[in-house]
Amino acid sequence: MAKPIDWISARLCATHELTPDVRLFEIEPDQPFVPATPGSHIDILVHIDGRSQPRSYSMIGHCADGLYRIAVKRVAFSRGGSAWMWRLTPGERLTISKPSNSFELSHGRPEYLLLAGGIGITPIHAIALALKQAGANFRLLYAARTRGGLALADELAGQIGERLSLFVSEKGQRVDIAAEIARLDPRGELYVCGPFGMLDAAKHLWREAGRPAAHLRYETFGNAGNLANAPFKIRIPRLGLEIDVPANRSILEALEDAGVEMIFGCRRGECGLCVLPILETPPRIDHRDVFFSSEERATNSRLCTCVSRAAGDHLTIDTPDRKPTHLHHPGIPAL
Amino acid sequence: MNAHKPFPLNAWYAAAWCREIERKLSARTICGKNVVLYRQTDGAVAALEDACWHRLLPLSLGHLKGDDVMCGYHGLVFNSAGRCSYMPAQKTINPSACVRAYPVTERHRLVWLWPGDPALADPAKIPDFHWNDGTQWVGDGGTFYQLKCDYRLVIDNLMDLTHETYVHAGSIGDEAITAAPFDVTHTRETATMTRWMIDIEPPPFWARQLGRQGRVDRWQIVTFQAPSVVAGDVGVALTNTGAPQGDRAHGVNGAFLAAITPETETTCHYFWNFVRNYNRHDGQLTRELQLAHVNKGAGVYDQDHRILEAQQVAIDKNPRSPFYDLNIDAGALWARRLIERMTADERVGAIANVAAE
């Protein structure tokens, strides 16, 4: 059951390029600034195809000067939020939420391992600075495709020095996640934010290492998978419907657009409330949730409609809609 | 937000006596935060937000499972850091599922809890309450849990002992208190009220403690440590034996100790003790001193208890801003000033835990 968002108005003060593809936004809320804990995010109402939709962006740094700072990557095949944000110019009005935190830092652990991939550095950046401030024992492993794509790397290096290790995949540099987990104190925690593949690998290796699930911390906004966003069709034989899912809409949104009643919770692939059964499997299903275990995912019997997608032509699914039943049991008069 | 709360959140507050926290779940409200406390298998105390992430049922209605707490409704399990480690009917755990974990430390026979930003919780900031350790000084205190008054009324009470004359007549009360001058000093974190009553007849309580005939010098040196701890160095010594100059060999010395923890804005938990450094092995005396303070309504703290709760009722009915002050209130006003500075600093600079609000 997601908390309803209290929307407030705000102004975009300035933008700065952190890399050719990552832009920093400085946002001043009209209401009193609410300080945020490391790992917090704000939601912003973005406008896509004439609709307002919330998008979550992690906050960068302490923001102690009363401005909320977020960084947004320009993504070619996004759901539309990134492109909308990149069209904004300073001075424009925004509708935002106050900060909230679903990636909270535990204090007092003997050691921390932070793992960031690409734009996933945004919450990890704030967490790293908080750990440094607390004098904690931590390391940050930060990977991106190119050296130029390592947003905030220079600033971080200045702040946390040798605790930061950088990995550029086009130079063949890879984080050996298994080895890093093996080095971590048995009571240490791992914090991950990055592409779906990185998170999946970290979860798998963490479990293989016999580490407690509660000590692996990660956050997902359900916005990336293994495949690029592409349009596809869903069929619902029970309702006699065939619905187009555009590249920038989720299955859940497409179902809602078509008037199919759905229940949902988090809308980011965590809670499992919007899960539907798969009747016919297309060539590939891009499970982007964190609700199913990898074994459950491999069966392709159900999917989280808020985040997961199909590649290929058609995905055939069922819904919980049923015809009204009448109480025609013997002895009980019909209503 | 904490904008108008009368207490800072970034501070250590007494939450329980160490002996009260066992291998079971104990619920408390501290500074408006519902907390469940328990002792882990290694002996360390844990404190979690007392509301399940899922449907908010108090976790204190569940049960301990090793070092974790299982919710008594749907079986979600949270570890001592507040992380969910089990969810029913699914193979994974929502990554955002957690309850707040509060920093807790045991010191001076009390469990201290930090309700504010955990990043700022430095055990070095725990108030000096060493008289309560049970070593140099001895005494058995207790707690008025859920005392129905603003915690600052208790501080007012202890920082101005003029009231002893009227509230505690016949035991520690004495006209000499109101007649003697007093001195109030302060630092950035403390306020101290010092009063010496020279060459007086000892009041009945102190005459018994001294056990010797003769007039005495009596002292009350009461120190407040912001935001909510008061320690009073009190005693008597035969007059003209040098007590005001520092020689207390011809007297008896006690200390009243108070850690007053806001429960809500108008209720508090009052952890008290009265300790002494004389006749330390006299268990009978320890018991008598405890009964002198709290004894089914007849002890001196029972007398304060009645006054404080009646005062809060009156404040609620007569919301005039808030009181008139007399010169006797100087200690209390410095204490309140230090509290106000802490709450104001917190409004400006502190990092609130937005997820918990």
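His108(B) adopts a positive phi near 55° in the hairpin formed by strand 9 and strand 10 of chain B, where two residues lie between the strands. The model is a predicted one.

Strand 9 covers residues 104-107 of chain B and pairs with strand 10 through four bridges in the antiparallel sense. Within this pairing, Thr105(B) has Trp112(B) of strand 10 as its bridge partner.

## Pairing with strand 1

Strand 10 of chain B is also joined to strand 1, residues 13-17 of chain B, by four bridges, and these two strands run antiparallel. Here Leu110(B) of strand 10 stands opposite Trp17(B).

## The sheet

The strands make up an open sheet of three strands in chain B, in the order 1-10-9, with antiparallel pairing. Strand 1 and strand 9 of chain B are the edge strands, each pairing on one side only. On average, neighbouring strands of the sheet are turned by 35° against each other, with direction ignored.

## Side chains of strand 10

Side chains in a regular strand alternate between the two faces of the sheet. In strand 10, residues 110-113 of chain B, Leu110(B) and Trp112(B) point one way, while Val111(B) and Leu113(B) point the other way. All four named residues, Leu110(B), Val111(B), Trp112(B) and Leu113(B), are buried.

How values were computed. Residues are numbered from 1 along each chain as its sequence is written. Chains are lettered from A and ligands numbered from 1 in the order in which they are written. This is a predicted model: local features need pLDDT of at least 70, side-chain atom pairs count only at pLDDT 80 or more; totals for chains, interfaces and linings use all residues. A residue is buried if 20 or more other C-beta atoms lie within 10 Å of its own, exposed if 12 or fewer, and partly exposed in between; C-beta atoms are placed from the backbone. Two strands pair if DSSP finds at least two bridges between them. Axes are lines fitted to C-alpha atoms, for helices over the stretch in contact, and angles run from 0 to 180 degrees between N-to-C directions.
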